[in-house]
Amino acid sequence: MARVVIIGAGIVGCALADELTARGWTDVTVVEQGPLFEAGGSSSHAPGLVFQTNASKTMTEFAAYTVEKYTGLGTFDRVGGLEVATTQERLEDLRRKHGWAESWGVEGRLLDPAQCHELWPLLDVGKVLGGFHVPGDGLARAVPSGAAQARRAVERGARLLERHRVTGIAQRGGRVTAVETDQGVVPADVVVCAAGFWGPSIGAMAGVTVPLLPLAHQYAKSGALAVPPGLPILRHQDKDLYVRGHGDRVGIGSYAHRPMPVKQHEIDDRGTVMPSVQAFTPEDFEPSWKDAAELLPALRESTYLDGINGIFSFTPDGFPLIGQSSKLEGFWLAEAVWVTHSAGVARAVAELLADGHSSVDLHECELERFESVQLAPAFIEERGRQNFVEVYDIIHPLQPMESPRPMRTSPFHVRQRELGAYFLEGAGWERPQWFEANKPLLEELALRRRADADLPDEVWGAFVEAALGVAQRAEWASRYWSPIAAAEAYATRERVALYDMTPLKRIEVSGPGSADMLQWLTTNNVDKKPGSVTYTLMLDARGGIRSDLTVARLEEDRYQVGANGNLDLAWLRGHAPKGVEVRDITPGTCCVGVWGPMARELVQPLTDMDLSHEGFRYFTCKSGYVGQVPVLAMRVSYVGELGWELYTSADLGLKLWDTLFGEGVTAGGRAAFNSLRLEKGYRLWGVDMTHEHRPYEAGLGFAVRKDKDFLGRDALDGELTRRLVPLLTTEVVMGKEPVKHEGRTAGYVTSAAFGHTVGRPIAYAWLPVELTSPGTHVDIVYFGRRVPAVVAEEPLFDPKMEKIRR
């Protein structure tokens, strides 16, 4: 059995020791630089708030398990959680958050001001517009929780070594062999860094970047008050505050102050009794105290005491860091984890080690999700600072970080800017959502819709708004969207449009054994003749969808893989046998999608390739020239129209765009792209399906060849209990909303958009199989309102594939 060394005896390290030993992994050692169990890290000063509801299903499940486990240990006080709104925008956000709770199975209810006051009598009820109450939330006593789990682990054979300062990570042949401490060497086959904000220092010893930023966060207690017992934990997010009871006092935490990053060398003094606590800065807390007193008038008769600037961790995207590093075999992370999610994260890491997979989808949290540009120290710091500032902000799901930008731009970027592109950001890439230059097309489309409908002047405006998907969107929800997307979708369906596909991850797999490797890792048959293109899936051992890929065989021993991101690159590299090279070719290449019924008319005069249907079949690829530009052309489409993806080197990308773009050609953005792909029923990995879903229930059984052997094959048998299906609705929703049937929550929405071709709002949703027959009526709960919907037959557009195969 593997020898495991866990670095850090905070709540995460102790929880992991407990979870591993419970699975029979008894050769577990926890090394801690401080005393047990108040060791001096974030767990030692954490206020212990556990609010379960999160936009992320994964983070909600982590928190729910933390509540369940610590309740069983007797170290969790289930006092409930109350979030109050003092602005209309926050009230709407709480309604949306209540929807997340229903989607993810958390019991909660929306309250009026009087009900909020009944739960929290110290509130100035006149300041409160409403609230969201989760009775299962509460306070995790961090140090006792860690101690209780550590003691159980010791009873099963684990050992804890206090006052052992880690000085190095020994390695040989690319894998860990031991943890070096100032008290001696501890042999190890697996090392898990659960060192909290010391993680970057430990990672540096292993040659691994740990992308987290330690930041100080202010917390202070009031003087003695008449505090009712059993108050719920309270969040006043409009002022970046939270409040919890401490006997006859209350504690107040603030995110309203300036970001206070802390360098590693500033917290590395192990002689300090509590390294995680820095000197309190009253001038930073004073405004927050006044804001708290506005909501809780009793504080005006008191003052704040015992203030601290306590250090804890932020990552560039706000999610934990989980998993094995690709840089050093056997070196794992369980980092940037707050008390809220501690038991859930520990269980996931233990499952990965013991079983090879987690019961919870981890794609948002896996260490290898970051691109190399996102690991720059300056990037980590700037994004960490911004995440601190925005921790309680109302964030639109499309809202990008404003800085540092731009980071990654395609060769087409200069032309996109000339066309008035509105850019959002993903994985560091600037991605056009729509183009202001297409406004005349919007007017053309509106006039066409008016003529088609033959409506009188007094009603045609409302009709056109509805047809363009404008009337179905509320103001806040429609941010980062424009009705110009309708014109771009129309141009794609009626003529031809160019889409920048450069941000799509491109991976080259080459060398003897490439075909065998990809055959084992994917569900479809990719061992076809060169020139073939195959849509396929990668699964984990339990049949969960790790990714969907487009695999083009360019030569006998060379493939180009269209993937979803860095996680796919790490997975392929991690499974590559000797002699097979896996290379990220994204930075040196680019891609433009040329799609629409006039795509052949546009490209054929420019190329030496035969683009006829007989000469260039669907799901095949060829190399040739477009104008003077050498390209790899793939006849695939993600929008359901005739066309090609054209790949070339980055230095020739601008020339390729200029060769293609001209009269009658439209530049299309991601908003139109998303609408078109939903009409066609094309799934988006990480949104519509993840590790927790299997191919047949996701509607992707056509990409599974069970007559061959592949990873996860044996886990695919069994009866379907749920399916991903399209809904036609009366209003455009945003995703993650609960879907109800006869008043009971039955599932949740994944993707949503207005279908400009079908003329209806579309939402894809996971539902129990008995509710997935076309014609079944359900309701989507959207910002607290009921939106009727009906299950539809898919695909909604061109079910016979006539347009794409012409």
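A residue counts as buried when its relative accessible area is under 20%. In this predicted model, strand β38 spans residues 760-768. By that cut-off, 8 of the 9 residues of β38 are buried, so the strand is mostly covered.

Strand β38 pairs with β35, which covers residues 722-729. The two strands run antiparallel and are joined by 7 bridges. Within this pairing, L728 has I762 of β38 as its bridge partner.

Strand β37, residues 744-755, also pairs with β38. This pair is antiparallel too, with 6 bridges. Here F754 stands opposite P761 of β38. Together, β37 and β38 form a hairpin. The turn between them holds 4 residues. One of its residues, G759, has a positive phi of about 75 degrees.

A separate feature is the second largest pocket. Its space amounts to about 890 Å³. The lining comprises 34 residues. Those nearest the centre of the pocket are Q324, W332, A570, W571 and H575.

Several elements contribute to this lining. Strand β20 (321-324) and the helices α9 (342-355) and α16 (566-574) each supply at least two residues. Helix α16 gives the largest share, with 5 residues.

Notes: Residues are numbered from 1 along each chain as its sequence is written. This is a predicted model: local features need pLDDT of at least 70, side-chain atom pairs count only at pLDDT 80 or more; totals for chains, interfaces and linings use all residues. Side-chain values use heavy atoms; hydrogens and water are left out. Buried means under 20% relative accessible area, exposed over 50%, partly exposed in between (1.4 Å probe, protein chains only). Two strands pair if DSSP finds at least two bridges between them. On a 1 Å grid over the protein atoms alone, a cavity is a set of points where a 1.4 Å probe fits but cannot get out, and a pocket is an open set with protein on both sides within 12 Å along at least five of seven lines; lining residues have an atom within 4 Å of a point. Grid points are joined across faces, edges and corners, and a volume is the space filled by probe spheres set on the points.
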